[in-house]
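Dear colleague,

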Amino acid sequence: MKLTEVLEITGATCVVGEQLANIEVNHAFASDLMSDVLAMSRPDTLLITGLTTRQIIRTVQMLDLPAILVVRGKDVPQDVADLARTTGIVILATHDIMYVASGKLYARGLSG
Amino acid sequence: MSLEQSVEALRYLGLFSNLDASSVMSTAVHALHPENRVAAARILMREKSISGVPIVDADFRLVGLISVSKIIEALADGRLADSVDSVMTREVISVHAHDTFETILSCFQRFKFGCFPVIEEDGKLVGMITDTDVLSAIIRSFYSVYVHDRQRTITLGSFSALSKEFENSADFVHDISCTGLENAGEGSARLKAFLQSKGFGESVVRRASVCAYEAEMNVCIHAGGQGSLRAIARNGEIIVRVEDEGPGIENIDLAMKEGWSTATDAIRELGFGAGMGLANIRRFSDHLVIISGKDKPTKVEMIILESKE
């Protein structure tokens, strides 16, 4: 699934990395526990999280994940957005709660 | 740590794969024949400080064993002048030369004897295994793994569970210095870039990065954010060492358990402290050594092998 589709399906906005919205993800992992993300993710995975700390960037950076979908309408702090920009990571943000965002994407074929 | 846990830990390190009974046993065997007297067995045990004497026939095939307790019985019954044949145990628990190290350990656990004869297919006695032999084999296996698999120049007397190379230099050095979790992960991000520049494959770099990141997070969460992250990356292996000055891990067994953590709620709110850090490191590394203790520095060394991809 292209990130542009993720935007459309979840009504999200692109906070960082609009130029990269053509990237494809084949899986998603929804969690606020970064160690669980570290334990279980595959490379071409979209991270769905309600956290907006620098650690979400570091976590996906370690795992080579291309993008993060921030849920629950959280504002992404400037320093976190800057870190994403310098590390080449896309951040999308939606007002949906994690359950709803996950459900919408799953229903449209983005597997776990 | 129980014996089982110790054995499990050693098995995890892959140290036993090359060991069989023939490589563990002592080959300098002191045996007697059935027609020898019990007194001879007693003298042999005393002089050679052994707890059991194997009894063999003319072709050196194992036919029995005489243990200390049999000698004590014979002493009490005044049978020291009798033949060994009349007092020896005939149902001897023995191991085969090609039996695995784990089989040997299970013999010690099950039968509680001090020694076991080692025989070949034809029943001929080729050696004896005592608990001292087992201990020596475990120590030797550390050397063999490090020397043969790691191409290291570790010699007897300077052996350490941790890599010696870090004493002189490292290919990558990062001082961890965090207040809060703000900069946590910076070192691992730098390490990742370094490993990529060295031409390591995507997957091995990812595994090394996750290991380094979890260890770096632990320094930031538990050790006041002060420590070091170093790495040696060459010949298809990445050795990552993360150290801090404490307060140390009181119970490493507990800390290794998934879901166990001493992190505060504030840390948990940041997505960490769920008790997955060390478990994750174990999951992604090929070798893991942790040295710590209550109020002690912590050293975590992780080896990630490209060949395990």
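Two residues are taken to be in contact if their C-beta atoms, placed from the backbone, lie within 7 Å. The model is a predicted one, and the values below were computed from it.

I begin with chain A. Chain A holds five helices and five strands, and from the N terminus on its elements follow the order α-β-β-α-β-α-β-α-β-α. Of its 112 residues, 48% count as buried. Among the contacts in chain A between residues at least 6 apart in sequence, 52% join residues at least 24 apart.

After the helix comes A:D64, which has a positive phi, near 60°.

Chain A contributes 16 residues to the contact and chain B contributes 21. On the side of chain A that touches chain B, the elements giving two or more residues are α2 (34-40) and α3 (54-63) of chain A. The largest share of that side, six residues, is supplied by α3(A). Sorted by class, the side of chain A that touches chain B has seven nonpolar, four polar and five charged residues.

Helix α8 (residues 186-197) of chain B packs with α9(B) at an angle of about 160°, and their axes are 9 Å apart. An angle over 145 degrees counts as roughly antiparallel, so α8(B) is roughly antiparallel to α9(B). The crossing of α8(B) past α9(B) is right-handed. From α8(B), the contact is made by B:G187, B:S188, B:L191, B:K192, B:L195 and B:Q196; from α9(B), by B:V205, B:A208, B:S209, B:A212, B:Y213 and B:E216. By class, this contact has six nonpolar, four polar and two charged residues.

Chain B also contains an open sheet of five strands, in the order β6-β7-β8-β10-β9, with antiparallel pairing. Why do β6 (172-177) and β9 (287-291) of chain B each have one side without a neighbour in the sheet? Both stand at the edges and each has a single partner strand, so one side of each is left without a neighbour. From one strand to the next, the twist averages 10°. Helix α9 (residues 202-222) of chain B packs on the sheet, where it touches β6, β7 (226-234), β8 and β10 of chain B; the direction of α9(B) makes about 5° with that of β8(B).

Strand β10(B) is mostly covered, six of its eight residues being buried. Eight bridges join β8 (residues 237-244) to β10 (residues 298-305) of chain B, and the two run antiparallel. Among the pairs, B:R241 has B:E301 as its bridge partner, and B:I238 has B:I304. Five bridges join β9(B) to β10(B), also antiparallel, with B:L288 partnered by B:M302. β9(B) and β10(B) form a hairpin with six residues between them, and B:D295 in the turn has a positive phi of about 60°.

Methods. Residues are numbered from 1 along each chain as its sequence is written. Chains are lettered from A and ligands numbered from 1 in the order in which they are written. This is a predicted model: local features need pLDDT of at least 70, side-chain atom pairs count only at pLDDT 80 or more; totals for chains, interfaces and linings use all residues. Two strands pair if DSSP finds at least two bridges between them. Helices (H or I, at least four residues) and strands (E, at least two) are DSSP runs, numbered from the N terminus. Axes are lines fitted to C-alpha atoms, for helices over the stretch in contact, and angles run from 0 to 180 degrees between N-to-C directions. Ala, Val, Leu, Ile, Met, Phe, Trp, Tyr, Cys and Pro count as nonpolar, Asp, Glu, Lys and Arg as charged, and the others, Gly among them, as polar. Angles under 35 degrees count as roughly parallel, over 145 as roughly antiparallel, 65 to 115 as roughly perpendicular and the rest as oblique. A crossing is left-handed if the near helix is turned anticlockwise from the far one by less than a right angle, and right-handed if clockwise. A residue is buried if 20 or more other C-beta atoms lie within 10 Å of its own, exposed if 12 or fewer, and partly exposed in between; C-beta atoms are placed from the backbone.
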